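Colleague: Could you walk me through this one?
Modeller: Gladly; here it is.

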Amino acid sequence: MESTGSTGNTESTGNSESTYDVVVIGGGSTGENVADHAHRGGLSVAMVESHLVGGECSYYACMPSKALLRPAQALEAARRVAGAAGAVGEVDATAVLERRTSFTHGWDDSSQVRWADGAGIDVVRGRGRLDGERRVVVAGPDGERVLTARHAVVVATGSAPAVPPVDGLASARFWTTREATSATAVPRRLVVIGAGVAGTELAQAFARLGSTVTLLARSRVLSALPAGAGHAVAEALLRDGIDVRTGAAVASVDRAAGPDGEVTVRLEGGGEVVADEVLVAAGRRPRTGDLGLATIGLELDDGAPLEVDDSGRVGAVAGGWLYAAGDVTGRAPLTHQGKYAARAVGVAVAARAAGTLGDDVEPWSAAAATADHRAVPQVVFTDPGVAHVGLDADAAREAGFTVRMVEEDLGAVAGASLHADGYAGWARLVVDAERDVVLGATFVGQDVAELLHAATIAVVGEVPLSRLRHAVPAYPTMSEIWLRLLDH
Ligand SMILES: Cc1cc2nc3c(=O)[nH]c(=O)nc-3n(C[C@H](O)[C@H](O)[C@H](O)COP(=O)(O)OP(=O)(O)OC[C@H]3O[C@@H](n4cnc5c(N)ncnc54)[C@H](O)[C@@H]3O)c2cc1C
Ligand SMILES: NC(=O)c1ccc[n+]([C@@H]2O[C@H](COP(=O)([O-])OP(=O)(O)OC[C@H]3O[C@@H](n4cnc5c(N)ncnc54)[C@H](O)[C@@H]3O)[C@@H](O)[C@H]2O)c1
């Protein structure tokens, strides 16, 4: 389907050639937001999408994975409250999968296309690739179409799963996170390769839906997050009956009996796991291949990111007309950071088109994604969850700060003890001892996600602790942890 909505200043030189102020390649959450902000800045915009408008997050990532996790977490939460626990039954896997599908609209993007139409964005169906300066060729269902950009082409093509070069893996049928989040049945046995954010979340989701799960961590669980956080999640996964194997490197994978047969994952140093499905959750690679970058003189290694400045401009391309945002830049591959970068790009492109912005952007201005460097929030939606923002202690020291660490028991807070009997969790602040401001924060425990934004505001605002002490948390909430953290 192709939208015919016009923004007024689009020139068409025939059926197959059109000119817009901005052409966005990729209509995921980042591309949509670039298009919206550029259009709000007075520019005509075409957004090219080869699969589903809304991208990975809506259909195969954030939303369906959280929909798979949430029902069992709601049951667990009730089980931790005496008086409610006795009323709790078992999770209904079929209903969970149905509810998940309702969040993905059955993998139908018409509501997002309607949003784009209403926002004045022309959706162009097909695969886009660059074909020289400011030109994008779209191979669509009705043939090729050429889109020329007056001001900017923005690449927002996201990322694709990284598939490790494991012997036999490519020829054994395997799940990526797409197949896992769109599964129509719960496998009896599941082995997960990779214990990062996706691997741990999906391991817990399927274990609580009834799968027997083995989680293979090459080093430790959640190795990119503070060690204590990974440890707490690993212990919880063990309590869920997941066979968590750390330091487990995969030697080979095979599905000897064909695509419907069981799969055997062999480990280096001996040992094997037999399962019905194998999920590869070993990270992602920016989708920069097959984008025609060579036509504009840009040679990137396969899977290398498109490096950008804080306004999203690709410095390696002369003329300043090529921008990128979201996962494809490798900066902070999270939906919210992609949307944040998208706003900066949309604002920068519109301002440069109007001649009100030069090459450099002021840090923390609307056209700069400054927070990418120091204040990226991330939540791991397992139970217990992990909510983290900013620098951990090691990163802060490496950046030259004099660090002071403060850690407190979240379970000791009245709000937490009411929230769940025997609540276990902790919170940590990394403080710049010289300026007395928060550089980073980590919260671990049940339902900590909503605690994070206060910390993000403290980090971004560089609010001195002496002033933060005047931000009084309501009693009895879990936010009272701030009183304890600031009482040092
Ligand atoms: C299992 C999983 C769970 C996740 N959960 C979370 C979460 O809870 N919170 C969070 O913040 N992040 C989460 N993420 C990360 C999040 O999904 C990504 O950061 C986000 O989707 C990136 O958005 P994007 O628009 O940059 O890329 P994408 O969502 O990948 O969108 C890119 C779009 O471009 C299209 N495209 C690609 N190439 C072309 C082309 N040549 N022509 C036309 N169209 C093209 C694609 O079809 C796609 O629609 C999760 C990721 C995974 C894998
Ligand atoms: N809640 C969230 O915000 C959320 C949830 C899921 C995914 N995501 C994002 O999606 C992206 C992909 O998630 P992910 O978990 O796949 O990536 P990740 O980078 O978080 O974790 C990948 C893990 O796989 C491991 N690994 C790599 N190669 C391996 C191999 N050959 N064998 C075994 N393990 C191997 C790595 O050591 C790492 O621990 C990330 O950017 C992540 O932040 C976010």
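Modeller: Leaving aside neighbours within four places in sequence, V23 is in contact (C-beta atoms, placed from the backbone, within 7 Å) with A46, V48, V136, L147, A149 and V153. This is a predicted model, where local features need pLDDT of at least 70 and side-chain atom pairs count only at pLDDT 80 or more, while totals for chains, interfaces and linings use all residues. Residues are numbered from 1 along each chain as its sequence is written, and chains are lettered from A and ligands numbered from 1 in the order in which they are written.

Colleague: How many residues does the largest nonpolar core have?
Modeller: That core has 145 residues, and V23 is among those with the most contacts inside it, as are V22 and V24. A nonpolar core here is a set of buried Ala, Val, Leu, Ile, Met, Phe, Trp, Tyr and Cys residues joined through C-beta atoms within 7 Å, with buried meaning 20 or more other C-beta atoms within 10 Å of the residue's own.

Colleague: And which helix gives the most to this core?
Modeller: Helix α9 (residues 335-353), with nine residues; helices are DSSP runs of H or I, at least four residues, and strands are runs of E, at least two.

Colleague: Switching topic, which residues come nearest to ligand 1?
Modeller: Of the 38 residues around ligand 1 (C-beta atom within 6 Å), G26, G28, G55, G158 and G326 come nearest. Helix α9 is one of the elements that give two or more residues to this shell.

Colleague: What about β18 and β19, parallel or antiparallel?
Modeller: They run antiparallel, joined by four bridges, and V380 has V386 as its bridge partner in β19.

Note on methods. Buried ≥ 20, exposed ≤ 12 C-beta atoms within 10 Å, placed from the backbone. Contact = placed C-beta atoms within 7 Å. Pairing = 2+ DSSP bridges.
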